[in-house]
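Let's take a walk through the charged pairs in this protein. Have the sequence and the model open as you read.

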Amino acid sequence: VQLQASGGGLVQAGTPLRLACAVSGSPYATRATAWFRQAPGKQRELVARLTSDGATTYADSVAGHFTISKNIATQTVDLYINGLTPEDTAVYYCNIEAWATATSGKQDYWGQGTLVTVSS
């Protein structure tokens, strides 16, 4: 199971942004997909999570301007960000809680991260 995060870059404050998380390797089942971020000098934090039954969870710091959703057309889990500020500068990672096979245990899988740099 491999994850590929994309969509980061250098953006101006206020510009909307879409990050995409693509999963390859066809996991047997997925419990949830999440986006985390790690800002310079800070710990990695959960920003949004989407479960397989459609429930969403957001960090208080991003609620209202981050949206996580499944993109049926691209088969990715996307993070839509509105109202970017320099405080949103971070490496954004996607994560899934999944079973690789019918007999394996549930594991966390991580992508390599995509850097978002917000200029003021």
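Asp78 is buried, with a relative accessibility of 0% (buried means under 20% relative accessible area, exposed over 50%, partly exposed in between, using a 1.4 Å probe and protein chains only). Before going on, note that this is a predicted model, where local features need pLDDT of at least 70, side-chain atom pairs count only at pLDDT 80 or more, and totals for chains, interfaces and linings use all residues. Residues are numbered from 1 along each chain as its sequence is written, and side-chain values use heavy atoms, leaving out hydrogens and water.

So what does Asp78 pair with? Its salt-bridge partner is Arg18, with the closest N and O atoms 2.8 Å apart (a salt bridge is a side-chain nitrogen of Lys or Arg within 4 Å of a carboxyl oxygen of Asp or Glu). Arg18 sits in strand β3 (residues 17–24) and Asp78 in strand β8 (residues 76–81), so the pair ties together parts 60 residues apart in sequence. Strands here are DSSP runs (E, at least two residues), numbered from the N terminus. Arg18 itself is partly exposed, at 39% relative accessible area.

Now look at Glu97, which is buried at 14% relative accessibility. Arg49 forms a salt bridge with Glu97, the closest N and O atoms being 3.0 Å apart. Because Arg49 lies in strand β5 (residues 45–51) and Glu97 in strand β9 (residues 90–99), this pair links parts 48 residues apart in sequence. Lys106 also meets Glu97 in a salt bridge, at 3.8 Å from N to O, and Lys106 is partly exposed at 45%.

Elsewhere, Arg37, Glu45 and Asp88 are joined in a network of salt bridges. Searching the whole structure turns up 5 salt bridges.

Conventions
Helix = DSSP H or I, 4+ residues; strand = E, 2+ residues; numbered from the N terminus.
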